[in-house]
Amino acid sequence: GNRTLLTEFILSGLSSRPELQHLLFFTICFVYSMTLIGNLLICMVTVHPSLHTPMYFFLRVLSFLDISTASVVVPKMLVNILSEDRSISYLGCVTQLYCVVFLTATEWYLLAAMAYDRYVAVCCPLRYPAIMSTRACLSLVLLSCCSGKVVSVVQTAWVFNLSLCGPRRINYFFCDIPPLVLLSCTDTSRYERQLISATVLVIFTPFCLILLSYACIISSILRISSAESRHRTFSTCSSHLTVVTLYCASGTLIYLQPKSSNSQDTKKILALIYTTVIPTLNPLIYSLRNKEVKEVLIRVM
């Protein structure tokens, strides 16, 4: 019955200190602009005929997911920084949580698909065109989206079936699972166990598949006699490993302890990195460490 009384929530934002609001606004606005520009450039560059390979197809999808994740969180956050009214409707909160979980879960499964693509390219180069066909790539992306949708529907339903009878103020800058769990006035230990299981399913299962793929890749690289060939082969994989490490570290620290109120400020910083900073870094990581992308980007510019 108390759930029906909650028609809106109040987002406290990143900081309550008035003197920091304008600095936060311009900093986040700049980072968001770089996210849009960088990822749109990646989308444009990877359409080039010389980059019509599965690796760049997955990179284009990853850039689209990064733009979407940042756009679900950042515009509302920017409005709230400069506005005295920081409310978000109940339906708006449900929608935002659903979209964030869907996009981030889909991105995790996509990273696993990208690791599989690198495994086939390095370990089965002669069969690579047959295995990683256009149909196979589209199927992997569709499977990632379907998996992300299932995770998002289940997690959103679980959270909003809790008795959210606490204060409607959310100590966060967007609707996410950990701050919403803190609003519950009932025992959430069962839900927290379910969330940990979901975290293992969404993060650690793809992470283990990625590690297995790279164990096989490193084994194949070490058998290459030419040092230059070893370096060139590993450089195509190092960018992906960097992104996976950033996602795994921040996502694990946020969701493995959902009701740890003592670390809420720390979780805000991690969530900011997860939803805003990493989408900005992805184009830099993939373009600066990839000779082919740099060459095409220079021609496009």
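How far apart do the end C-alpha atoms of residues 196–222 lie, and how much of the span is helix? They lie 37 Å apart, and the span is 100% helix and 0% strand. This is a predicted model, where local features need pLDDT of at least 70, side-chain atom pairs count only at pLDDT 80 or more, and totals for chains, interfaces and linings use all residues. Residues are numbered from 1 along each chain as its sequence is written, and side-chain values use heavy atoms, leaving out hydrogens and water.

View 1. The unreviewed UniProt entry lists residues 20–45, 57–75, 95–116, 137–160, 196–222, 234–257 and 269–288 under "transmembrane region" (positions use the numbering here, feature names are shortened, and annotations may be inferred rather than shown by experiment). Take residues 57–75: the chain there is 100% helix and 0% strand, with 27 Å between the end C-alpha atoms. Helices (H or I, at least four residues) and strands (E, at least two) are DSSP runs, numbered from the N terminus.

**View 2. Helix 1 against helix 2.** Helix 1 (residues 21–45) packs on helix 2 (residues 54–82) at about 160°, with the axes 9 Å apart. That makes the pair roughly antiparallel (angles over 145 degrees count as such). Axes are lines fitted to C-alpha atoms, for helices over the stretch in contact, and angles run from 0 to 180 degrees between N-to-C directions. The crossing of helix 1 and helix 2 is left-handed, meaning the near helix is turned anticlockwise from the far one by less than a right angle (clockwise would be right-handed). The residues of this contact split into 19 nonpolar, six polar and two charged; Ala, Val, Leu, Ile, Met, Phe, Trp, Tyr, Cys and Pro count as nonpolar, Asp, Glu, Lys and Arg as charged, and the others, Gly among them, as polar.

**View 3. Helix 3 against helix 5.** Here helix 3 (residues 90–123) meets helix 5 (residues 134–160) at about 145°, axes 7 Å apart, in a right-handed crossing. By class, their contact has 19 nonpolar, seven polar and one charged residues.

View 4. Three strands make an open, mixed sheet in the order 2-1-3, with strand 2 and strand 3 at the edges. Strands pair if DSSP finds at least two bridges between them. Strand 1 (residues 8–11) runs antiparallel to strand 2 (residues 87–89) through three bridges, and Glu 8 stands opposite Ser 89. Two bridges join strand 1 to strand 3 (residues 169–170) in parallel, with Ile 10 partnering Arg 169.

Terms used: Parallel < 35°, antiparallel > 145°, perpendicular 65-115°, else oblique.
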